[in-house]
2 protein chains.
Amino acid sequence: MSFESVVDEVQRRVVPDDAERRALESAVEELTDRATAAIEPLPVAADTKLVGSTARGTWLAGDRDIDLFVLFPPDIARSELERYGLEVGHAVLPDGHEEFAEHPYVKGELHGFDVDCVPCYAVEDATEIRSAVDRTPFHSAYLEGRIEPVADDVRVAKAFLSAIGAYGSDLRTKGFSGFLTELLVLGYGSFRAFIEAAAAWEPPVRFDPADHGERSFDDPLVVIDPTDPERNVAAVCSPRNVARLIHYARELRSDPGIEQFEPRKPEPLSADEVRTLLDARGTTPVAVRFETPDIVDDQLYPQLEKSLEGIEGALERAGFEPLRSACFANAEAVLLVECAVPELSAVARHGGPPVGVREHAEGFYDAYRDDDVTGPFIDAEGRYVVERRRDARTPTDLVRSMLFEVSLGPHVRSSLSDTHEILSGTELATLAEPFGTELATYFDPRP
Amino acid sequence: MSFESVVDEVQRRVVPDDAERRALESAVEELTDRATAAIEPLPVAADTKLVGSTARGTWLAGDRDIDLFVLFPPDIARSELERYGLEVGHAVLPDGHEEFAEHPYVKGELHGFDVDCVPCYAVEDATEIRSAVDRTPFHSAYLEGRIEPVADDVRVAKAFLSAIGAYGSDLRTKGFSGFLTELLVLGYGSFRAFIEAAAAWEPPVRFDPADHGERSFDDPLVVIDPTDPERNVAAVCSPRNVARLIHYARELRSDPGIEQFEPRKPEPLSADEVRTLLDARGTTPVAVRFETPDIVDDQLYPQLEKSLEGIEGALERAGFEPLRSACFANAEAVLLVECAVPELSAVARHGGPPVGVREHAEGFYDAYRDDDVTGPFIDAEGRYVVERRRDARTPTDLVRSMLFEVSLGPHVRSSLSDTHEILSGTELATLAEPFGTELATYFDPRP
């Protein structure tokens, strides 16, 4: 298939039809009317604003998310903003419930749409925001009048990024946000131009649509927020996801196909398959299994990753050569590290100072001369050395003895303290039950 | 015991008595007479000179080595020097045999003394020497009239360095030569001052007795040759032996005793003891056993060490974490490496270029996309990675498959090509038979 015909076909799938647009418009109208009526009796003035992809006309067909913001004057107290915000929210969504991001807000349903009714401050300028939500109306305002000509190309780009697992700025995905996708497609002018460009990216890549950025960033992709010169819209985007976009952009260019817009859905592995794969890899896996802490994903995944790094780092430092690692979570969570080294010698080398550095050298020698160690002796470079008993000779022994000494996320630590299980070798086959799909991806990793 | 009484006791042991001195003097006289008589009919003029510790009066009681040099004018050809030199040598030592250092020379026996009769060029200045032996008469000349007052202290120093295994500038020992020992004791003024100083050495340490050195050296101990400003007398002295002198000097200072002048003689280990020790250490040893090449020690040991480094380096690069290594040789030779890692996973990580470096990245991806590897996938830093089958999963497999690919000494390589045996694990117990003493030292290493 040609690139164009693939894009055409994808557009047929992701551009909402007229009925969907009308349904959305009427829902938005109804929500706005309810909000205006609820604002009316309040002692402060407030405005409503539709934001997000429904406001910008870049939502994917079938998406049912409406974000209605209620903008309050910046001179009212935060407690007032929250109180009035919830009052309006409950009036707009009588069956809704409260959730909490930076402010509390009301989430509910109307005519099959998932609606967030979120209060924010109507600050003068995006650089004066008090919380991240205050920024959203500026983004919508910036795109108004600009995004329309490429709205359908944005939809195709979102579908593409979703398929490769790189869409979303949540802290689990660490991918491309909607706004970032919009700025990129707008900047390059079309989906195709965006793909052509991404295929040739050599990170770090920097864009500045409003040409006002001054500071530098360490990120592989830097897109200066057109509403705030100090902010990188792509800050959350991981080096891996930037590389994945580059890779899949090249693949799409060289061999365009509809399947490149369809997420990979591997068959879950069975316990037997996990055993067979581990045996073929000849690795020494160790996994910690525990109850998933009851926190939102944006807290959970960073904590899981930090904990995994803590464990992997300890295994690395001890010489077990971690080969790969992963964390999975649903009701329960797993931190998994696969090591290349199954076992280490009973003794380990412990190098001391050069004999010529008198004070340190004498201290080292005196500390060990009567100890139950091999040595002290002197190595080829003229340093004291002893060989001591090693604390843990296998990855599992190490994790067992050091789990609470490594850096762990606080909620992970507390869940591990409650109870946890350490699995080694083929015991990992029991993970096929809760995490068969995740393990299928893990054992057959793609770019 | 006090330091002084220890030194007194050692002197009683190492200073030769009058009978020994007289026997030596009479042997030297007889050798010189024979040499003079043999030179007389030659068509060139030549001189004899007694060199080495017997000439300097610093030999240890019981040492039976006499070095008689025959000095020829520098204008004769090397072939003539060799011919006349051997003629004189055979006349001096009728039962002697020829050996070869830089020139051929004659080695033989007289009245129980081992005599080397060595031809050399009587050059004007030590910087003009044609071979290393030409330098020796200059060293003797420099020490004449200087060394006498400390001759007995030099003997004590030699006994001390011998006891700690650091005496001798041969390429097996890589220790302190006689001349170096003499310069150090002369420089510090006494054995005690030498020990006090060495205990406080912080390498690099530099001496220049003739105060004429200009160039710098990388060695831990630099003693500029008083007869050649370009030469470090201690060049062969290893960092380990410098450190060992420092260590044992401190020990002797803090706890003087006669036993510190007695070489350690460990009991040879039995095969069972080797097995028990290996088991306790929990290491994975691998050893290569072969017939010792028929070359002099000064060629053999550098070749064994180079070969051992080659094997150890390959094990290190492959991830088997060598813990310690050694080479032993008598009629047969052994290269031994003890590894901390017994086995590695079947797959190994092979990292590729960052995805953003287009040409390399596409080359890597295309090379592996259809290969029987895990991946290619993209790591957290945005680089391609594959996991490939590992060539060798154990230290023994690695040595078996790569022995002739590592850097080996040429004579070692050819002996290995003839035949060799690779021992692993408890098979090393069979080495107790030829190398029980060496293994005892290896398993209980001292400074």
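**Figure 1. Cys237(B) and its sulfur.** The sulfur of Cys237(B) lies 18 Å from the closest cysteine sulfur, that of Cys327(B), which is too far for a bond. This is a predicted model: local features need pLDDT of at least 70, side-chain atom pairs count only at pLDDT 80 or more, and totals for chains, interfaces and linings use all residues. Residues are numbered from 1 along each chain as its sequence is written, chains are lettered from A and ligands numbered from 1 in the order in which they are written, and side-chain values use heavy atoms, with hydrogens and water left out. Cys237(B) has a relative accessible area of 3% and is buried (buried is under 20% relative accessible area, exposed over 50%, partly exposed in between, with a 1.4 Å probe and protein chains only). Over all chains, the search of the whole structure returns 0 disulfides (a disulfide is a pair of cysteine sulfur atoms within 2.5 Å). Cys339(A) is likewise in no disulfide: its nearest cysteine sulfur belongs to Cys327(A), 16 Å away. Cys339(A) counts as buried, at 0% relative accessibility.

**Figure 2. The contact between chain A and chain B.** Each side is counted by residue: 56 from chain A and 56 from chain B (contact means heavy atoms within 4.5 Å). The two chains bury about 4100 Å² between them, and 53% of this is on carbon and sulfur atoms (buried area is the accessible area, with a 1.4 Å probe, that two parts lose on being put together, summed over both). Arg250(A), Arg358(A) and Ile378(A) supply 15% of the area that chain A buries against chain B, more than any other three residues. The rule finds 8 salt bridges across this interface (a side-chain nitrogen of Lys or Arg within 4 Å of a carboxyl oxygen of Asp or Glu). One of the salt bridges joins Glu387(A) to Arg281(B), with 2.7 Å between the closest N and O atoms.

**Figure 3. Helix α8 of chain B and its cover.** Helix α8 spans residues 191-200 of chain B (helices, H or I with at least four residues, and strands, E with at least two, are DSSP runs numbered from the N terminus). Its buried residues include Phe191(B), Phe194(B) and Ile195(B). Ala197(B), Ala198(B) and Ala199(B) are buried too.

**Figure 4. The four-stranded sheet of chain B.** This open sheet has 4 strands in the order β10-β11-β9-β15, with antiparallel pairing (two strands pair if DSSP finds at least two bridges between them). β10 (322-329) and β15 (420-424) of chain B are the edge strands, each pairing on one side only. From one strand to the next, the twist averages 15 degrees (axes are lines fitted to C-alpha atoms, for helices over the stretch in contact, and angles run from 0 to 180 degrees between N-to-C directions). β9 (residues 284-291) and β11 (residues 332-339) of chain B are joined by 8 bridges. Phe290(B) has Ala333(B) as its bridge partner in β11(B).

**Figure 5. The mixed sheet of chain B.** Here 5 strands form an open sheet in the order β1-β2-β5-β4-β3, with mixed pairing. Its edge strands are β1 (47-51) and β3 (97-100) of chain B. The twist averages 30 degrees from one strand to the next. Helix α4 (residues 78-92) of chain B packs on the sheet and touches β2 (65-72), β3, β4 and β5 (113-121) of chain B. The direction of α4 makes about 155 degrees with that of β5(B). Helix α5 (residues 136-143) of chain B lies across β1, β2 and β5, running at about 65 degrees to β1(B). β3(B) and β4 (residues 104-110) of chain B run antiparallel, with 4 bridges. Glu99(B) stands opposite Tyr105(B) in β4(B).

**Figure 6. Strand β5 of chain A and its partners.** Of the 9 residues of β5 (residues 113-121) of chain A, 8 are buried. β2 (residues 65-72) of chain A runs parallel to β5(A), joined by 8 bridges. Phe72(A) stands opposite Tyr121(A). β4 (residues 104-110) of chain A pairs with β5(A) in the antiparallel sense over 5 bridges. Val106(A) has Cys117(A) as its bridge partner. The hairpin of β4(A) and β5(A) has 2 residues between the strands, and His111(A) takes a positive phi near 50 degrees.

Figure 7. Strand β13 (residues 374-378) of chain B has 5 of its 5 residues buried, so it is largely enclosed by the rest of the structure. β13(B) pairs with β14 (residues 383-389) of chain B in the antiparallel sense over 3 bridges. Thr374(B) has Glu387(B) as its bridge partner. With 4 residues between the strands, the hairpin has Gly382(B) at a positive phi near 85 degrees.
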